[in-house]
Amino acid sequence: MSLLSRLLLRGSTTFNASTIRRFSTAASETTAAISPPKKSLSSIVNDERNPRRMVDKFKTACESERFRANIAVYDRTVRRLVAARRLHFVEEILEEQKKYPDMSKEGFAARIISLYGKAGLVEKAQKVFDEMPERNCKRSLLSFNALLSAYCVSKRFDVVEQLFDELPEKLSIRPDIVSYNTLIKALCEKEGSLSEAVELLGEIEKKGLKPDVFTFNTLLLSCYLKGEFELGEEIWGEMGEKNVAKDIRSYNARLLGLANERKWGEQVSLFGELKASVGFKPDVYSFNAMIRGSINQGKMEEAKAWYKEIVKQGYRPDRATFSLLLPALCKAEDFGYAIELCKETFSKRYLVGQTTLQEVVDELVKVGKRGEAEEIVEIAKNNDFLKVKLEVSSQLIS
């Protein structure tokens with residue numbers, strides 16, 4: 001073979017190998033570009049709809065330290081399982097955590113205590129708390145407050161009081177404002193203990209602590225809900241005296257109180273103040289309070305206008321909205337708008353209680369609108385959003 005031939009062959013070989021390498025690289029880059037991104041462990045768990053498979057995927061994901069640091073996915077998974085009434089699955093995923101070294105860290109243990117509380121499994125929460133010393137895990141205010149909260153959420157109010165009285169000395173800790181806020185919430189929800197909750201304001205200050213907006217909001221809402229309007233007004237005034245800035249929950253509590261007391265003028269004035277405030281604006285709870293106030297005044301057109309304002313402001317009406325408005329519309333014999341709203345709840349996928357819808361159906365039958373009642377029943381039966389079983393009774397007399 002001549003020298004020229006050998007050179008040409010060598011060049012050809014080099015060219016082909018180089019071309020192949022570039023081609024392979026380009027192909028790999030193209031494949032990477034069009035391949036779907038790998039799902040995160042959190043997404044894999046969050047996207048699962050089957051409870052059993054969700055639990056299995058969660059337990060597998062827990063092998064990742066990064067996943068175990070994700071507070072949100074733990075909370076979301078427990079809430080979903082509780083909503084599905086799979087408490088044994090909640091126990092399964094939380095007991096699984098005990099095999100990880102994270103349980104020797106107070107923050108992680110406190111999270112598990114809190115999650116057990118949200119599921120109503122307070123005995124399990126207590127057990128985690130009691131076992132902390134065995135894991136060389138200190139117990140400070142963090143875990144103490146988590147345990148208090150677990151019992152409070154589970155409505156074991158007597159135990160909250162007992163633990164508040166006994167544990168601080170045993171653990172050599174001093175309750176902070178979070179501890180007191182939990183105790184106040186427990187007393188507010190416990191029958192006949194509102195006055196004790198209010199008295200704690202003085203004790204908090206004697207301990208060198210300052211009541212915060214959460215303290216006052218809890219007391220405000222309880223006072224207004226339980227018909228202790230004057231006491232609620234005193235607490236509202238005290239917030240100003242102590243320079244505690246009011247937030248949207250403060251305003252919503254007082255709006256509700258004014259609605260229940262039928263103080264319409266003051267309620268409208270307060271709503272205007274809220275609307276002009278800086279940092280927050282009326283939400284669906286604010287509008288629900290205005291709907292309640294309108295209904296209590298017999299101002300059904302205004303109630304309807306407030307309803308429309310919810311949507312106009314970018315919010316979604318909730319169960320409370322419809323439980324207020326639909327029965328009031330039926331009472332006012334505005335069946336046309338009641339029917340329109342019922343249909344709207346399904347077309348716009350709003351949440352509404354079955355009892356509320358059944359009440360509308362019954363009222364329609366009573367006034368001889370059986371056909372309209374049957375139409376709502378049929379929509380409730382066949383919609384693809386919220387399956388609600390309604391019935392048209394033949395026993396109702398028009």
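Is F108 buried or exposed? Select F108 to begin: the residue is buried, with a relative accessible area of 6%. Keep in mind along the way that this is a predicted model.

**Stop one: Y74 and F108.** Y74 and F108 make an edge-to-face aromatic pair, with 6.2 Å from centre to centre and 80° between the planes. Colour helix α5 and helix α7 (residues 106-118) next: Y74 lies in α5 and F108 in α7, so the pair ties together parts that are 34 residues apart in sequence.

**Stop two: F164 and Y180.** Move on to these two residues, both of which are buried. Their ring centres are 5.0 Å apart and their planes stand at 70°, so this pair is edge-to-face. F164 belongs to helix α10 and Y180 to helix α11 (residues 177-189), 16 residues apart. The count for the model comes to 14 aromatic pairs.

**Stop three: charges over rings.** Select W236 and K246: K246 lies over the face of W236, 4.7 Å from the ring centre. Then go to Y337, where the charged end of K304 sits over the ring, 4.7 Å from its centre.

**Last stop: two loops.** Find R85 in the loop between α5 (71-83) and α6 (87-96). R85 is exposed, at 76% relative accessible area, and its phi is near 60°, a positive value in a residue other than glycine. Finish at K155, in the loop between α9 (141-153) and α10 (157-171). K155 is exposed, at 54%, and has a positive phi near 60°.

Methods:
Residues are numbered from 1 along each chain as its sequence is written. This is a predicted model: local features need pLDDT of at least 70, side-chain atom pairs count only at pLDDT 80 or more; totals for chains, interfaces and linings use all residues. Side-chain values use heavy atoms; hydrogens and water are left out. Helices (H or I, at least four residues) and strands (E, at least two) are DSSP runs, numbered from the N terminus. Buried means under 20% relative accessible area, exposed over 50%, partly exposed in between (1.4 Å probe, protein chains only). Rings of Phe, Tyr and Trp (its six-membered ring) pair if their centres lie within 6.5 Å; planes under 30 degrees apart count as stacked, over 60 as edge-to-face and the rest as tilted. A charge sits over a ring if NZ of Lys or CZ of Arg is within 6 Å of the ring centre and within 35 degrees of the ring normal.
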